[in-house]
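Please open the structure in your viewer and follow the selections below in order.

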Amino acid sequence: MTHAVSRLRTARLARSSKPFLARGGPRGERCAGCRLVPSHCLCALCPAVPVRAGVCLIMADIEPLKPSNTGWLIADVVADTSAFGWARTSADPALLAMLADPQWQPYLVFPGEFVAAGRVVTEVLPIDAQDGNEFRQGKRPLFVLLDATWPEARKMFRKSPYLNHLPVLSLQSEQLSNYRLRRSKRQIGEQSHFCTSEVAALCLALAGETHAAQTLEAYLDVFTNHYLNAKQQLPVDMEDAVHQRLRSLRLPQGSGA
């Protein structure tokens with residue numbers, strides 16, 4: 001199966017004049033479904049959960065090519081994930097159409113310390129709201145994530161005027177990042193910089209999608225486990241704590257909740 005990040009990766013590879021070689025990793029065969037070496041393939045563990053929220057990834061140029069990219073994991077878990085390549089001089093018309101689609105309430109996820117206070121929000125409007133004795137359905141939250149290194153993300157934020165009208169969702173979590181594949185040197189107060197998948201999980205939790213958030217967190221832990229074991233040429237223990245946690249979050253077949 002393919003998803004938005006996979007398709008963006010394929011399109012980016014088609015434009016490349018030479019093969020992309022991941023830094024510091026194996027240069028042999030990789031699984032097309034999870035980008036890991038076949039001996040550590042993750043595809044059979046890909047979770048399926050119902051999610052009403054959506055995610056819109058705006059990705060720096062080579063981000064879809066990196067095997068360590070975690071936006072891919074978001075697209076595995078959240079069915080309504082879109083992915084667009086970022087360019088300084090233009091915006092994809094499909095991206096602009098999505099941001100204007102009345103079914104969505106977009107939130108640009110970015111640290112509030114870099115944004116005018118009047119634009120910052122820390123909560124997500126509920127999808128369902130009570131009106132008297134009845135519930136009415138509102139817009140679905142769409143979390144717009146800048147999937148890039150921190151210096152790239154700041155540049156993308158400054159040079160994307162088509163995002164200037166969006167409310168900026170500033171995450172307030174005190175959870176420390178567990179991501180171990182790439183580490184940003186930036187610190188926000190006492191908090192380490194979150195990877196893209198961790199940010200998406202926090203957003204899903206804010207939207208009331210608790211099970212999806214927990215599943216994405218567990219899936220990231222399993223992905224990290226497989227990735228690092230492959231890098232160190234170690235076998236995967238399918239019965240360790242991270243695999244057991246992911247299995248415990250699986251919904252019964254046919255469940256819609």
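Select strand E1 (residues 54–59) together with E2: the two run parallel and are joined by five bridges. In this model, which is predicted, Ile58 has Phe84 in E2 as its bridge partner. Colour strand E2 (residues 81–85) by accessibility next; four of its five residues are buried.

Proceed to Asp80, in the loop between helix H2 (71–77) and E2. Asp80 forms a salt bridge with Arg140, with the closest N and O atoms 2.5 Å apart. Because Arg140 lies in strand E7 (residues 140–147), this pair ties together parts that are 60 residues apart in sequence. Asp80 is partly exposed, its relative accessible area being 34%.

Now display Lys66 and Glu63, a salt bridge whose closest N and O atoms are 3.2 Å apart. Both Lys66 and Glu63 are buried. For another pair, select Glu239 and Arg247, where the closest N and O atoms of the salt bridge are 3.1 Å apart. Glu239 is exposed at 51% relative accessibility, while Arg247 is partly exposed at 35%. A network of salt bridges can be seen by selecting Arg12, Arg15 and Asp61. The salt bridges number seven in total.

Turn to the surface and select Arg88, Arg154, Lys155, Arg158 and Lys159, which gather in a patch of positive charge. Lys155 belongs to helix H4 (residues 150–158) and is partly exposed, with a relative accessible area of 36%.

Finish at Gln172, in the loop between strand E8 (168–169) and strand E9 (187–188). Gln172 is exposed, at 52% relative accessibility. Its C-alpha atom is separated by 9.0 Å from that of Pro111, 61 residues apart along the chain.

Key. Residues numbered from 1 in each chain as written. Predicted model: local features only at pLDDT ≥ 70, side-chain atom pairs only at ≥ 80, totals over all residues. Heavy atoms only, no water. Patch = residues over 30% accessible without salt bridge, like charges linked within 9 Å, V, L, I, M, F, W, Y side chains within 5 Å. Areas by Shrake-Rupley, 256 points an atom, 1.4 Å probe, with all protein chains shown as cover. Salt bridge = Lys/Arg side-chain N within 4 Å of Asp/Glu carboxyl O. Lys, Arg positive; Asp, Glu negative; His and termini not counted. Charge placed at Lys NZ, Arg CZ, Asp CG, Glu CD. Buried < 20%, exposed > 50% of the residue type's maximum accessible area, 1.4 Å probe, protein only. Pairing = 2+ DSSP bridges.
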